[in-house]
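Please look through the sequence and the fold below before reading on.

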Amino acid sequence: MRAVLVHGGAGAPAERIDGCERAAAEAMELLESGGSALDAVEAAAVVMEDDPAYNAGTGSRPRMDGVCEMDAAVMCSDGGIGIVTLLRRVRNPVRVARLVMERTPHVALGGAGALGFARRMGFGDYDPLTERRRERLEKALGLLREGRRGDPRLLELTGPGDTIGAVALDARGGMAVANSTGGVELMLPGRIGDSPMPGAGFYCGPAGAVATTGDGESIIGRMSAIRVYRMLEEGADPAEACRAETDAYPSDVVFGVIALTPGATGTANNRTMPVASLTGE
Ligand code: ASP
């Protein structure tokens, strides 16, 4: 079996499916032409990072001061992990995360070191901030300055959403996960969410691949990805495992998850979440 699942963020409208579908189709094409699960999740993440509708790469949410600091990660069922955090001015953070895994003795690089590594690997200077994201930040800051903390418009502007993640299974039984995000609105400089944290935002091993999305601070506390993974190890169906972890969150905490095993796929969320899924022989 070959399979790929791509999500466009817990809290994002389900209609924002088009980018997920394009990403899943590209990933499946790679799987069908003999590509690995890692190739597939990287390709899916790149499609989503290049689509300004999503909160990853181009279109990332900026920090409070208007600068984008992005997080991304990849992990494979053979144990390989690559992570970048607080990465600025690069077009495709997920590609840098993969190179951290493949070209350095490390698992994670952050901030200025990650940027220096990216430049050495040939990634040119690129500002991922879009006009739409800049305007949203201005609006949110304006409401805050007016003291409107409980204003529904502020909640709408600042809720989680549009982060991306992908999981895939290749014909050889290899699995992989990729995450990429600009983080959340109104972040302090240096804030890191769950997306680049193994066990919290993602996990992959012989039993399956898992990617989570939503309120990063809560997800880190619960270590949601490893919880779902442990259920898969114990033989749970991915849909059942995703539902069980989602139901453990209080209703005011946004959460979503996608997962797959060598035999099945699953997803669950407690808001809305666009998810595209493709399976093949
Ligand atoms: N989990 C991401 C973070 O906290 C945000 C999201 O999934 O929308 O950075």
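The model is a predicted one, in which local features need pLDDT of at least 70 and side-chain atom pairs count only at pLDDT 80 or more, whereas totals for chains, interfaces and linings use all residues. Residues are numbered from 1 along each chain as its sequence is written, and side-chain values use heavy atoms, with hydrogens and water left out.

Helices (H or I, at least four residues) and strands (E, at least two) are DSSP runs numbered from the N terminus, and two strands are said to pair if DSSP finds at least two bridges between them. On these terms, seven strands make up an open sheet with mixed pairing, in the order E4-E3-E2-E6-E5-E1-E11. Because strand E4 (108-110) and strand E11 (275-280) stand at the edges with a single partner strand each, one side of each is left without a neighbour in the sheet. Neighbouring strands of this sheet are turned by 5° against each other on average, direction ignored; axes here are lines fitted to C-alpha atoms, for helices over the stretch in contact, and angles run from 0 to 180 degrees between N-to-C directions.

Within this sheet, strand E1 (residues 2-7) pairs with strand E5 (residues 164-169) in the antiparallel sense over five bridges, and His-7 stands opposite Gly-165 in E5. Helix H1 (residues 18-32) lies across E1, E5 and E11 and runs at about 155° to E1, where contact means heavy atoms within 4.5 Å.

A further open sheet consists of four strands in the order E7-E8-E9-E10, with antiparallel pairing. Strand E7 (202-205) and strand E10 (265-269) stand at its edges, each with a single partner strand, so one side of each is left without a neighbour in the sheet. In this sheet the twist averages 5° from one strand to the next. Strand E8 (residues 208-214) and strand E9 (residues 255-260) run antiparallel and are joined by six bridges, and the bridge partner of Gly-214 in E9 is Phe-255. Helix H8 (residues 224-233) packs on the sheet, where it touches E7, E8 and E9, and its direction makes about 145° with that of E8. E9 is also joined to E10 by five bridges, again in antiparallel fashion, with Val-257 opposite Ala-268 in E10, and the two strands form a hairpin with four residues between them. Helix H9 (residues 238-247) lies across E9 and E10 and runs at about 20° to E10.

Gly-214 leads on to the ligand, since the residues around the ligand (those with a heavy atom within 4 Å of it) include Gly-214 as well as Pro-160, Gly-161, Thr-163, Arg-191 and Asp-194. Among the polar contacts (pairs of N or O atoms within 3.5 Å), a backbone N or O atom of Gly-214 lies 2.8 Å from an oxygen atom of the ligand, and a polar side-chain atom of Thr-163 lies 3.0 Å from a ligand oxygen atom. The protein covers 100% of the 270 Å² of accessible area that the ligand has on its own, as computed by the Shrake-Rupley method with a 1.4 Å probe.

Finally, the axes of helix H3 (residues 93-103) and helix H4 (residues 111-120) come within 10 Å and cross at roughly 85°. That makes H3 roughly perpendicular to H4, a term for angles of 65 to 115 degrees. At their contact, Val-96, Leu-99, Val-100 and Arg-103 in H3 meet Ala-114, Phe-117 and Ala-118 in H4.

Notes: A polar contact is a pair of N or O atoms within 3.5 Å; within protein, one must be able to donate a hydrogen and the other to accept it, and residues adjacent in sequence count only if both atoms are side-chain atoms. Angles under 35 degrees count as roughly parallel, over 145 as roughly antiparallel, 65 to 115 as roughly perpendicular and the rest as oblique.
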